[in-house]
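Hi everyone, thanks for coming.

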Amino acid sequence: MFCISLSQNLLCPTGTPKVGLPVTKEDIDLLQFSENLEFLEAEYFLWAVHGYGLDIVAPELAMGGPPPIGVRKANLDFFTSNIINEFAMQEVGHLRALRSKVGGLPRPLMDLSSRHFAHLFDEAFGYKLQPPFDPYRDSLNFMLSCYALPYAALVGYVGTNPLIQGYESKRLLAGLLGVESGQDAMIRMYLYERAGKVVYPYRHTVAEFTIHISNLRNRLAMCGIKDEGLFVPWQLGAENRTTTNILSADFYSLSQWRTPEEILRIMYNTGSENAHGGFFPRGANGNIAKNLLKLECGIKNATKKIERKH
């Protein structure tokens, strides 16, 4: 028995370094920040398929946080439902993994209502779509709404990577990034196969929807082009030789990256990491997000004092 155990250890080493910390204090803040996006994806995907979320599937992960606003079951076909169901269960696993390594956060209040998505798509196109965009209407609408979600987590993890120090934290981040990348690729391929399809009842194709959404996120984040639709000018394509853009990447065909500040500007839909709104009406949770909101409160209080003096 000892020989079998020893043999297995030699064949399957843990890969754990002999020096260094598994998780550092800085790692905890950075990885806990990502729990906000994992909560968003988990609830949206679960509700879309099952008509219920974490409070039924894994209530302990919510840690008493409020349920999302306006979320409901989507009208999905069998094929799309299977995809989203798998994504949903993966997100639950991500929350479990994060909780086990860096500790969980209470679920933040999230707005997943049709009204919020309609406002988002109106802003992307620069005018009010009629009728208002409803992500729960059918499979295509839902996948268009999903276009933003795993990609936000993906670029966030890439941005976090150089700041992570602990060896267990690095392994966790790499595992999360791998699956989020796969989800994003699946969504983009789903939409690419329908790129020329006109989204009923609008006069815009699927490809045009992706381009407008990506442009909006770039405007909100205010840090250049880090988000691209399904088609790009050849100057932005891989090796400047393609106009198709199934996977969004930088000049060297590497994944783009974003800071927590950039992600909050997008997810708050305010263009400011200090002003909550959008998907997180009360702001995201965790030290990074909370400190950024405190900064805004401090600025406002200082401004009021100056105004009183004058």
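Which residues does Glu168 contact, leaving aside its neighbours within four places in sequence? They are Pro22, Val23 and Lys101, where contact means heavy atoms within 4.5 Å. A quick word on the source: this is a predicted model, where local features need pLDDT of at least 70 and side-chain atom pairs count only at pLDDT 80 or more, while totals for chains, interfaces and linings use all residues. Residues are numbered from 1 along each chain as its sequence is written, and side-chain values use heavy atoms, leaving out hydrogens and water.

Back to Glu168. Its C-alpha atom is separated by 10 Å from that of Gly15, 153 residues apart along the chain. Glu168 counts as buried because its relative accessibility is 19%; buried means under 20% relative accessible area, with a 1.4 Å probe and protein chains only.

Glu168 is found in helix α9 (helices are DSSP runs of H or I, at least four residues, numbered from the N terminus). The buried residues of α9, including Leu172, Leu176 and Ile187, pack against α2, α5, α7, α8 and α10.

Let's pick α5. Its axis and that of α9 come within 11 Å and cross at roughly 165° (axes are lines fitted to C-alpha atoms over the stretch in contact, with angles from 0 to 180 degrees between N-to-C directions). So α5 is roughly antiparallel to α9, the term for angles over 145 degrees. Among the residues making the contact are Phe79 and Lys101 of α5 and Glu168 and Tyr190 of α9.

Note on methods:
Buried < 20%, exposed > 50% of the residue type's maximum accessible area, 1.4 Å probe, protein only. Helix = DSSP H or I, 4+ residues; strand = E, 2+ residues; numbered from the N terminus. Parallel < 35°, antiparallel > 145°, perpendicular 65-115°, else oblique.
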